Amino acid sequence: MYKKYRKSRYTIKHETQEGTLILFNTFSGAIATIEDVKTKEKVKTILREGLLCEPANELETELINQHFLVHHSTDENRLVDLMRDMEKNRKDHYELILYSTEECNFRCVYCFEKFLRGEMPKEIQQAIIKHILRKAPHINSLNIAWFGGEPLEGVNVIRNINKEVKEISKKFGFTFNSGITTNGYELDENLFRELVDLNIIQYQITLDGPKDTMMYKSLCKAFC
Ligand code: SF4
């Protein structure tokens, strides 16, 4: 049957043991939790069957606004390509992914790292700062993503670079944000506050699952 709106290919739904329906759209980043039994059933039906006409109530409108449902003519692959191209061709925004170290305090069984290089040498740190200084007059925003290894094993590198870049961003008037992908082992409240003060506002923390799974039993220097 002809559907005017269908479930986005990026919409994931999951029902918890407690009965909460969770919707997540990996493209828009929208998250919704639904507990009311009747609403849950309605949402499941709409996602399964789509909408045959324009939204007729608040619930249907919201599902469209949050991209859980998309118009039948939407080419979602093309949309992602366009967004990617737009980001790639932006001249006013600059993104850097930096490894503070290749070392790690964990040894997860699925890890691709070889842990060959330790903390980023001083001369590389200085070269990065010089590079950012050259970019500074031409950008409106800069994002630095810290990666590793375990980036917090090289936390002094993060301190040095983010502190300097924060000053540069004030001097040249661009927005500076930073993020980190970490196993979280070293991340206590004091360090977290310090990192937020260094503009690290996005945190991606790996969770390996409950104690009785293989993933949890990953060889880990920190616990052995
Ligand atoms: S925490 Fe990350 S870098 Fe460290 S061993 Fe595990 S996957 Fe590799």
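In the predicted model, the C-alpha centres of domain 1 and domain 2 are separated by 36 Å. Domain 1 spans residues 5-71, and domain 2 covers residues 90-205.

Two packed helices are described by the angle between their axes and the distance between the axes. For helix H4 (residues 122-135) and helix H5 (residues 155-172), the axes come within 11 Å and cross at roughly 20 degrees. Since angles under 35 degrees count as roughly parallel, H4 and H5 are therefore roughly parallel to each other. The crossing of H4 past H5 is right-handed. On the H4 side, the contact is formed by Gln 125, Ile 128, Ile 129, Ile 132 and Leu 133, which meet Val 157, Asn 160, Ile 161, Glu 164, Val 165 and Ile 168 of H5. By class, the residues of this contact comprise eight nonpolar, two polar and one charged.

Two backbone features were noted in loops. Most residues other than glycine have a negative phi, and most peptide bonds are trans. Phe 115, a residue other than glycine, has a positive phi, near 55 degrees. Phe 115 is situated in the loop that runs between strand E6 (93-99) and H4. The peptide bond between Gly 148 and Gly 149 is cis, with omega about 25 degrees. Gly 149 belongs to the loop between strand E7 (141-147) and H5.

Both glycines of the cis peptide bond are also among the residues around the ligand. Classified by residue type, the shell around the ligand contains four nonpolar, three polar and three charged residues.

Terms used. Residues are numbered from 1 along each chain as its sequence is written. This is a predicted model: local features need pLDDT of at least 70, side-chain atom pairs count only at pLDDT 80 or more; totals for chains, interfaces and linings use all residues. A residue is near a molecule or strand if its C-beta atom, placed from the backbone, lies within 6 Å of it. Ala, Val, Leu, Ile, Met, Phe, Trp, Tyr, Cys and Pro count as nonpolar, Asp, Glu, Lys and Arg as charged, and the others, Gly among them, as polar. Axes are lines fitted to C-alpha atoms, for helices over the stretch in contact, and angles run from 0 to 180 degrees between N-to-C directions. Helices (H or I, at least four residues) and strands (E, at least two) are DSSP runs, numbered from the N terminus. Angles under 35 degrees count as roughly parallel, over 145 as roughly antiparallel, 65 to 115 as roughly perpendicular and the rest as oblique. A crossing is left-handed if the near helix is turned anticlockwise from the far one by less than a right angle, and right-handed if clockwise. Two residues are in contact if their C-beta atoms, placed from the backbone, lie within 7 Å. Domain bounds come from an automatic or database domain assignment.
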